[in-house]
Amino acid sequence: MSSNILRRILTNARGFSTGPPPAARSPYRYLRTLALGGSVAVTGYALGAVYPHPYITFISPRPAPAPPDPDSPQSIVYTAALEQTLQTLPLLTSLRIQPDAHEWYETRPYVNYPEQLRVNSLTAGALRGPGKLALPPLVRARKDESEAIVIVHVGRGVCGHDGIIHGGLLATILDESLARTAISNLPEKIGVTANLSINYRAPTFADQFIVVRISLVDKAGRKSKVTGKVADLKGNVLVEAHATFVQPKYAHLLKNKAVQQMMGDPEPAKSTPVLLSEGMPPPVSKS
């Protein structure tokens, strides 16, 4: 019984406590929290609109105009600027100063290809120009033709899903890139695709440079096998492929020179002497 009386006394003492009452929360505190949250949301939205994550553009791509006429003044200016960007890519700069750089050469397919043939070419004709394949590929190949690196720019006008490069175009780029190394290892330097197997690893976004790396796997008689992969400039693998090319029995009847012009003849090294027929004397030999 005494314990019950004690509890009542303590309860009444708490009720008559002289301590300060709890402070009431200011309504401005909620307004400050709301304003801060709103500011963060608006800032995040603005940054997302200016620098969207690639997969956001995959889901909801930005509108883009159709590819312009490749011969218009606007296209010529754009192409020149894009070529300058290509020539100053850190990847290309790095490749040119590697210790084994003297074992490689550079060339540009289709640059010396006759115009009357180029107009009926898929990649050099129908798909040429800004928004599509704005530049001829830049090829760096080993002089023994065992490896090659091809840099290509793909535009917005060659997409399947808007903003994503069409898989068929990537297959075409791989076919031509692999063919160059494979055909260079055939006896007559003429070949056709016998088999092309492709695995798509990730979406290839439009308006970027992509890098194709090719390696010779095997060559025997009229057959050569190659493998390759497509990556972006960050090294992310986008597509992988391997292929077999064969030299047809009628290869000797085909125009080998036209094929070489299409693939890109190796450009002469800067140390190559100038012949007398070109109006300059040969270099003086050392005694």
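This report walks through a predicted model of a single chain, from its overall make-up to a few individual residues.

**The chain as a whole**

Welcome to the structure. Nine helices and seven strands make up the secondary structure of the chain. The chain has 287 residues, and 33% of them count as buried. Among contacts in the chain with a separation of 6 or more, 70% are between residues 24 or more positions apart. The accessible surface comes to about 18,300 Å², and carbon and sulfur atoms account for 61% of that.

Leaving aside residues up to four places away in sequence, Leu178 touches Leu196, Ile214, Val226, Thr227, Gly228, Ala241, Ala243 and Phe245.

**The largest pocket**

Now to the largest pocket, which holds about 830 Å³ of space. Its lining has 42 residues, and those nearest its centre are Pro109, Tyr110, Thr123, Glu176 and Met262. By class, the lining has 27 nonpolar, seven polar and eight charged residues. The elements that give two or more residues to the lining are helices H4 (73-87), H7 (122-126), H8 and H9, along with strands E3 and E4 (192-200). Which element provides the largest share of the lining? That is H8, with seven residues.

| Residue | Location | Relative accessible area |
|---|---|---|
| Histidine 153 | strand E3 | 6% |
| Threonine 181 | helix H8 | 1% |
| Tyrosine 110 | loop between strand E1 (104-107) and helix H6 (115-118) | 10% |
| Glutamate 145 | loop between E2 and E3 | 13% |

Why does histidine 153 count as buried? Its relative accessibility is 6%, so it falls under the 20% cut-off. With residues up to four places away in sequence left out, histidine 153 touches Tyr78, Leu82, Lys132, Leu133, Ala134, Asp207, Gln208 and Phe209.

Threonine 181 is buried because its relative accessible area, 1%, is under 20%. Not counting residues up to four places away in sequence, threonine 181 touches Glu145, Ser146, Ala148, Ile214, Leu216 and Val226. One of these, serine 146, is 35 residues apart from threonine 181 along the chain, yet their C-alpha atoms are separated by 7.0 Å.

Phi of tyrosine 110 is near 75°, and phi of glutamate 145 is near 60°. Most residues other than glycine have a negative phi. Tyrosine 110 has a positive value, and so does glutamate 145.

Some residues link the parts of this tour. Tyrosine 110 is among the residues nearest the centre of the largest pocket, and glutamate 145 is one of the residues that threonine 181 touches.

Technical notes:
Residues numbered from 1 in each chain as written. Predicted model: local features only at pLDDT ≥ 70, side-chain atom pairs only at ≥ 80, totals over all residues. Heavy atoms only, no water. Helix = DSSP H or I, 4+ residues; strand = E, 2+ residues; numbered from the N terminus. Buried < 20%, exposed > 50% of the residue type's maximum accessible area, 1.4 Å probe, protein only. Contact = heavy atoms within 4.5 Å. Areas by Shrake-Rupley, 256 points an atom, 1.4 Å probe, with all protein chains shown as cover. 1 Å grid on protein atoms, 1.4 Å probe; cavity = no way out; pocket = protein on both sides within 12 Å on 5 of 7 lines; lining within 4 Å. Points joined across faces, edges and corners; volume = space filled by probe spheres on them. Nonpolar A, V, L, I, M, F, W, Y, C, P; charged D, E, K, R; others polar.
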